[in-house]
Amino acid sequence: MDTLVASVKTYLPFTEDIPDQYLQLSFLVGLFAILLLRPRGSNNVGTYENLYPQARTDIGANTHHSKISERQKEYKTLVDTFYDLVTDFYEYGWSRSFHFAPRKVDEPFQSSLLRLESKLADSLEIDAESKVLDVGCGVGGPMRNIHRMTKSDITGVTINQYQVDKGNRYCKEEGIEEKTRSIIGDFQNLDSEFDAGTFDACYEIEATCHSPDKVDTYSQVAHVLKKGGIFAGFEWVVLPSPDGNFDASKKEDVRIKEGIEVGNGLPTLATPAEVKSALEASGFEVLTFEDANIDMHQPGNIPWYSTLAGEYKSLSGFRMTPLGRALTHVMVTTLEFLRIAPKGSARVSNLLNRTAEDLVEGGQKNIFTPSWFFVAKKI
């Protein structure tokens with residue numbers, strides 16, 4: 001390891017002043033991520049990239065209605081392939097809860113995620129007798145946390161088999177497989193998996209942003225929810241006035257929007273107004289509708305994107321800085337060149353790095369939030 005670090009400092013002069021342990025961490029992160037990705041492979045990265053032609057080179061091209069329509073039509077392939085590529089990166093680099101959260105000064109990152117999940121659980125009005133649906137459950141981090149908070153019986157649905165397998169393994173490891181489980185399914189077709197009125201409550205956390213048609217998705221949720229049941233969640237949205245500064249006529253805003261979409265497997269980003277309209281059209285009364293990050297720049301708060309921006313005060317924080325991500329990418333590229341990493345690994349690494357930059361910029365300019373909070377009741 002010392003020899004590798006010395007070589008990096010020789011060939012990359014800008015790293016001379018970086019502490020050796022930070023460079024060692026970057027190498028280990030790159031190596032470990034590659035070892036995690038090997039079972040999944042990276043051959044699908046080309047399939048994924050084909051759904052975003054000219055991404056980041058021809059700004060506005062992927063906002064054209066024909067390109068959006070193509071991604072909506074191919075959403076199953078789009079989302080399933082995306083999570084094949086990034087699930088292990090997300091889990092190792094972030095947590096088993098694949099979402100952002102408002103954060104207080106001096107609040108640990110993981111605690112902020114739990115606090116957001118607790119807020120969501122409270123809004124659902126559930127208890128140990130409730131049957132709950134997690135719409136787009138990932139590897140089930142929030143599902144298991146919310147079960148521990150409420151003792152509810154929770155079923156998670158995801159379109160990705162790899163996530164189902166991992167999520168169920170974690171449930172079994174924690175001894176809660178009788179009360180929590182993941183199944184393969186499509187939130188556009190919940191009625192093929194569940195009878196009408198099966199669940200007392202439903203929730204989603206940054207998941208239905210993948211939907212090709214929110215009215216269809218929310219209508220499917222309404223179908224499986226009992227009358228009067230609560231559906232709550234956090235949506236990814238762009239923020240036009242009066243909620244934020246997004247302007248579709250500005251090339252820079254479109255660049256950031258498209259960057260977020262290509263880096264997160266999204267057909268297109270909605271606005272808050274479009275989300276509310278879709279909820280109402282699907283048979284819901286909207287009770288709460290607000291940006292959970294509205295106070296992020298007030299004293300005592302840390303913006304949601306700060307974790308992605310990283311810091312140079314700690315090893316874990318350095319990993320997320322632009323320099324830390326760049327060094328990790330260099331390591332991943334080197335490992336792929338040496339054929340230790342599967343072909344395509346560097347392209348996945350680059351995709352995630354550039355998307356992190358887009359998300360940070362979107363947050364800083366207040367044109368995007370990943371945490372538009374809604375609580376709705378089935379009429």
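In helix 5, Asp-80, Tyr-83, Asp-84, Thr-87, Asp-88 and Glu-91 meet Gln-161, Tyr-162, Gln-163, Lys-166 and Tyr-170 of helix 8, where a contact means heavy atoms within 4.5 Å. This is a predicted model, in which local features need pLDDT of at least 70 and side-chain atom pairs count only at pLDDT 80 or more, while totals for chains, interfaces and linings use all residues. Residues are numbered from 1 along each chain as its sequence is written, and side-chain values use heavy atoms, with hydrogens and water left out.

**Helix 5 and helix 8**

- The contact of helix 5 with helix 8 comprises 3 nonpolar, 3 polar and 5 charged residues; Ala, Val, Leu, Ile, Met, Phe, Trp, Tyr, Cys and Pro count as nonpolar, Asp, Glu, Lys and Arg as charged, and the others, Gly among them, as polar.
- Helix 5 (residues 75–93) packs against helix 8 (residues 161–173) at an angle of about 40°, and their axes are 8 Å apart.
- Helices are DSSP runs (H or I, at least four residues) numbered from the N terminus, and axes are lines fitted to C-alpha atoms over the stretch in contact, with angles running from 0 to 180 degrees between N-to-C directions.

**Helix 6 and helix 7**

- The axes of helix 6 (residues 109–124) and helix 7 (residues 141–150) cross at roughly 60° and come within 10 Å.
- Helix 6 and helix 7 are therefore oblique to each other (under 35 degrees is roughly parallel, over 145 roughly antiparallel, 65 to 115 roughly perpendicular, and the rest oblique).
- Leu-114, Glu-117, Ser-118, Leu-120 and Ala-121 of helix 6 meet Pro-142, Asn-145, Ile-146, Met-149 and Thr-150 of helix 7.
- The residues of this contact of helix 6 with helix 7 are 6 nonpolar, 3 polar and 1 charged.

**Helix 9 and helix 11**

- Helix 9 (residues 214–224) and helix 11 (residues 272–281) pack with axes 8 Å apart, at an angle of about 45°.
- That angle makes helix 9 oblique to helix 11.
- Lys-214, Val-215 and Tyr-218 of helix 9 make the contact with Val-275, Ala-278, Leu-279 and Ala-281 of helix 11.
- By class, the contact of helix 9 with helix 11 has 6 nonpolar, no polar and 1 charged residues.

**A cavity**

- The second largest cavity is lined by Ala-55, Arg-56, Ile-59, Asn-62, Arg-255, Glu-258, Gly-259 and Val-262; on a 1 Å grid over the protein atoms alone, a cavity is a set of points where a 1.4 Å probe fits but cannot get out, and lining residues have an atom within 4 Å of a point.
- The lining of the second largest cavity divides into 3 nonpolar, 2 polar and 3 charged residues.

Note on methods: Helix = DSSP H or I, 4+ residues; strand = E, 2+ residues; numbered from the N terminus. 1 Å grid on protein atoms, 1.4 Å probe; cavity = no way out; pocket = protein on both sides within 12 Å on 5 of 7 lines; lining within 4 Å.
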